[in-house]
Amino acid sequence: MPTAVTPDRSASRYEMIRDTLRSAILKGVAVPGLVLVEAPLAQLFGTSRVPVRQALTLLHEEGLIQRFEGRGYVIGGPGQEAPPCRLPLTRALLGLEPLQHLIDTRALGERVYDTLARAVTHVMVFGHYRIDEQHAAETLHVSRSVVREALMRLRDRGLVEKEPYAHWLAGPLTAHAITEDYELRGLLEPDALRQRASAVPRTELQAMLTRITTAQQAGAGVTRAAIEHIEQDLHVTCLAGLPNARMAAIIGQCQIPMSIGRVLHEALHTSMDDAMLNEHRLVFESLLHGTVESAALSLREHLLRARERTLQRLKVLSVLPEPALPGYMQRLA
C-alpha cells in the first residue's frame with residue numbers, strides 16, 4: 001500500500017531520469033554512439049529541460065556519456081569511439097515498456113488524493129478506521145491543507161466522513177451498506193443510461209464492446225486494470241453529463257462497492273469475472289442496436305446480480321488478514 005507521495009521537486013525527477021538512462025546504457029539497450037539531447041528527452045519524460053540537464057551531467061561525471069563536437073552527449077565512455085548516431089529518442093530505444101509511466105506529472109494534490117483513496121478503499125472492507133490529518137501530511141510530505149482538500153473530495157464520494165471537531169473516519173463497508181447502495185444504483189443508473197445513451201458516440205460504444213471482447217479472450221490473463229476500465233465504461237463514462245447534478249452525485253457515492261473487486265484481486269490475484277463481462281456485453285450490444293430500453297433493463301439486471309456477487313466477495317474478504325495500515329490510519333474497536 002502506498003504510504004508516501006514523491007514531492008514535485010526537480011531532484012526526484014533528475015534522479016529518475018538518470019536512473020532510467022543509466023539502466024538503458026548498462027543493459028546495452030541504448031547503444032554506444034546514440035546521441036542524447038535535452039529537448040527530446042524532456043519531451044519523452046514529460047518534464048522541463050532542467051532535470052534532464054542535471055541527469056546528463058551526472059551520467060557524464062560517471063563516464064557513461066561524453067561530450068562531442070555536436071549538440072548534446074554521445075553514449076560511451078573514454079576509449080569508446082562509436083560514431084555519433086542521431087536517432088529520434090523513443091521508448092523503444094531506451095528499452096521501456098510502451099505503457100510505462102516515466103514520471104508522474106499529475107499535480108501534487110491529485111497524487112495525494114489518489115494515495116489516500118487507495119489507502120481507504122483497501123481497508124474499509126475490513127473495519128472502521130480513523131485518519132489523522134496531521135500525521136498524513138507528515139507521512140506524505142505535503143501541507144495539511146493538501147491532505148484536507150483530498151479528504152474533502154473523498155467525503156464527497158462517500159469514502160470518508162468527518163465528525164465535528166474530530167478525526168476523519170473511513171469504513172466499515174457492511175453488507176447492509178452494500179445492499180442499500182445497489183438498491184439505489186438499480187433505481188438510478190438505468191434511468192441515467194436512458195437519458196445519456198444518445199450522447200455517447202457510436203465509435204466509443206464500439207470501443208467499449210471491443211474492450212470486453214478482448215478481456216474475454218484473455219481469460220485468466222486479463223489484468224485488473226482492464227476490468228476496472230470496463231467497469232468505468234459502463235458505470236461512469238456512459239452516465240457522465242447528467243443534467244441532474246444531485247442524481248449524478250448519488251450515483252457516484254453508491255459505487256464504492258466496486259472497490260471490493262480491486263481488494264479481492266490484490267489479495268487473491270484474480271481478475272476474471274465472466275458473468276460481469278457477459279452482462280456488460282448485453283448492455284453494449286443493445287446500445288449499438290439502438291434498443292436503449294433493453295440496455296437499461298440489462299443494466300438493472302446486471303446490478304441485481306452484481307449485488308449478490310459483491311456480498312459473496314465480502315464474505316471471502318472477512319476471513320482474509322487485514323492489510324498493513326499506513327501510519328496515519330488507526331483501526332477503531
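This report describes the helices, sheets and nonpolar cores of a predicted model.

## Basis and overall composition

The model is predicted: local features require pLDDT of at least 70, side-chain atom pairs count only at pLDDT 80 or more, and totals for chains, interfaces and linings use all residues. Residues are numbered from 1 along each chain as its sequence is written, and side-chain values use heavy atoms, with hydrogens and water left out.

The chain holds 13 helices and 7 strands; helices (H or I, at least four residues) and strands (E, at least two) are DSSP runs, numbered from the N terminus. Of its 333 residues, 43% are buried, where buried means under 20% relative accessible area, exposed over 50%, and partly exposed in between (1.4 Å probe, protein chains only). Among contacts with a separation of 6 or more, 78% join residues 24 or more positions apart; contact means heavy atoms within 4.5 Å.

Strands S1, S3 and S2 form an open sheet in the order S1-S3-S2, with antiparallel pairing; two strands pair if DSSP finds at least two bridges between them. Strands S1 (35–36) and S2 (65–67) stand at the edges, each with a single partner strand, so one side of each has no neighbour in the sheet. S1 is joined to strand S3 (residues 73–75) by 2 bridges, and the two run antiparallel. Within this pair, Val35 stands opposite Val74 in S3. Helix H3 packs on the sheet and touches S1, S2 and S3, its direction making about 100° with that of S2. For such angles, axes are lines fitted to C-alpha atoms, for helices over the stretch in contact, and values run from 0 to 180 degrees between N-to-C directions.

H3 (residues 49–62) has 14 residues and reaches 20 Å from its first C-alpha to its last, close to the 20 Å expected at 1.5 Å a residue; the expected span is 1.5 Å times one less than the number of residues. Its buried residues are Pro51, Val52, Ala55, Leu56 and Leu59. Seen down the axis of H3, these residues fall within an arc of 135°, so they line one face of the helix; the arc is that of the directions from the helix axis to the C-beta atoms. An α-helix has 3.6 residues a turn, so residues three or four places apart point the same way. After H3 comes Gly63, whose phi is positive, near 85°.

## Leu41 in helix H2

Leu41 is placed in helix H2 (residues 38–45) and is buried, with a relative accessible area of 0%. Leaving aside neighbours within four places in sequence, Leu41 is in contact with Leu21, Leu36, Val52, Leu56 and Leu89. Val52 and Leu56 are among the buried residues of H3. The C-alpha atoms of Leu41 and Ile17, 24 residues apart along the chain, are separated by 8.9 Å.

A second open sheet, of 4 strands, has the order S5-S6-S4-S7 with antiparallel pairing. Its edges are strand S5 (160–162) and strand S7 (329–331), each with a single partner strand, so one side of each is left without a neighbour in the sheet. Neighbouring strands are turned by 30° against each other on average, direction ignored. Strand S4 (residues 129–131) pairs with S7 in the antiparallel sense over 3 bridges, and Tyr129 has Arg331 in S7 as its bridge partner.

Helix H6 (residues 144–156) lies across S4, S5 and strand S6 (168–170), running at about 45° to S6. Ser145 lies in H6 and counts as partly exposed, at 43% relative accessibility. The C-alpha atoms of Ser145 and Gln134, 11 residues apart along the chain, are separated by 9.4 Å.

## Nonpolar cores

A nonpolar core is a set of buried Ala, Val, Leu, Ile, Met, Phe, Trp, Tyr and Cys residues joined through side-chain atoms within 4.5 Å. The largest has 61 residues, and those with the most contacts inside it are Leu116, Ile131, Leu154 and Phe284. Not counting residues up to four places away in sequence, Leu154 touches Tyr113, Leu116, Ala117, Val120, Leu159 and Val160. Apart from this core lies another, of 21 residues, among them Ala30, Leu44, Leu59 and Ile75.

## Helix H12

Helix H12 (residues 274–288) has 15 residues, which at 1.5 Å a residue should span 21 Å; its end C-alpha atoms are 21 Å apart, in agreement. Its buried residues are Met276, Leu277, Glu279, His280, Arg281, Val283, Phe284, Ser286, Leu287 and Leu288. What covers them includes helix H7 (175–196), helix H8 (202–218), helix H9 (224–237) and helix H13 (292–318). H12 is followed by Gly290, with a positive phi near 80°.
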